[in-house]
Amino acid sequence: IAAITQIVLFLAYAASWLHIFRSVQPWLGIAEHLATVAGAATIWARLSPEGARRWHFGPAVARIGYGCCSIVFGLAHGVALEGTMSMVPAWMPGDAMFWALFTGAGHLAAGIALIVDRLAVLATRLASLMYLCFAAFAWLPGAVTHPDQWLRWAGTAITLVMLSAL
C-alpha cells in the first residue's frame, strides 16, 4: 500500500512540472519524481507479482524508467554546468568543472547501464555511492550551516530519496 501511495503521489508531483518547459529545470523535476516512482514500482512489483502483472508494470520497466531519469540527471549537469559547479565544495581536490562533468558522466553511465541491462547492479551501487556523496558533501553541510535555506534541506531529502530508489 505504501509503494502504491508513493507511486500515485510522485506521479502527481511529476505532472505538476508539465506546465513549464522553458529550461532544463522542468525535465529535472519530472525526472526526480519519476525516478522515485520507478523505485516504488520496483518494490511494489517485487512484493506483489500478481498486481504488477495486472498493471503491466514490472522491474524491467522500472529499471528502464530510472535509467531514462538518470540520463536526464546527467544532461542537467552539463546544461546547468555553472549551477552544478557552484555546488562542489571548495575543499574538494581538483577543479569544480571536473567534478560537475564527472558526476554528470556517472549519471549518464548509470542510465545507459540500466537501460541496456548490462552491469546494472554495479551501476546502481556506484550511483548509490555517488548520491550518498552528494548528500554528505554537497547538500548536508550547507543545510546545517544555513538551516533557514529550505532548498538545501530539500536537496538533501531529494538526494536521499533518489538513493533509496536505486
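This is a predicted model: local features need pLDDT of at least 70, side-chain atom pairs count only at pLDDT 80 or more; totals for chains, interfaces and linings use all residues.
Visitor: How far apart are the end C-alpha atoms of H4?
Guide: They are 30 Å apart. Helices here are DSSP runs of H or I with at least four residues, numbered from the N terminus.

Visitor: Which residues in H4 are buried?
Guide: Ala-62, Tyr-66, Gly-67, Cys-69, Ser-70, Phe-73, Gly-74, Ala-76 and His-77 are buried, meaning under 20% relative accessible area with a 1.4 Å probe, protein chains only.

Visitor: At what angle do H4 and H6 pack?
Guide: H4 and H6 (residues 96-116) pack at about 160 degrees, with their axes 7 Å apart; axes are lines fitted to C-alpha atoms over the stretch in contact, and angles run from 0 to 180 degrees between N-to-C directions. That makes H4 roughly antiparallel to H6, a term for angles over 145 degrees.

Visitor: Which residues meet there?
Guide: Among them, Tyr-66, Phe-73 and His-77 belong to H4, while His-107, Leu-108 and Ile-115 belong to H6; contact means heavy atoms within 4.5 Å. By class, this contact of H4 with H6 has 12 nonpolar, 8 polar and 1 charged residues. Ala, Val, Leu, Ile, Met, Phe, Trp, Tyr, Cys and Pro count as nonpolar, Asp, Glu, Lys and Arg as charged, and the others, Gly among them, as polar.

Visitor: And what is the arrangement of H6 and H7?
Guide: H6 and H7 (residues 120-145) pack at about 150 degrees, with their axes 9 Å apart, and are therefore roughly antiparallel to each other. Residues of H6 including Gly-106 and Ala-113 meet residues of H7 including Met-130 and Phe-134. The contact of H6 with H7 comprises 9 nonpolar, 4 polar and no charged residues.

Visitor: Turning to Ala-165, is that residue buried or exposed?
Guide: Ala-165 counts as buried because its relative accessibility is 16%. Ala-165 lies in helix H8 (residues 150-165).

Visitor: What is Ala-165 in contact with?
Guide: Leaving aside neighbours within four places in sequence, Ala-165 is in contact with Ala-35, Thr-36, Gly-39 and Tyr-66.

Methods. Residues are numbered from 1 along each chain as its sequence is written. Side-chain values use heavy atoms; hydrogens and water are left out. Helices (H or I, at least four residues) and strands (E, at least two) are DSSP runs, numbered from the N terminus. The expected span of a helix is 1.5 Å times one less than its number of residues. Buried means under 20% relative accessible area, exposed over 50%, partly exposed in between (1.4 Å probe, protein chains only). Angles under 35 degrees count as roughly parallel, over 145 as roughly antiparallel, 65 to 115 as roughly perpendicular and the rest as oblique.
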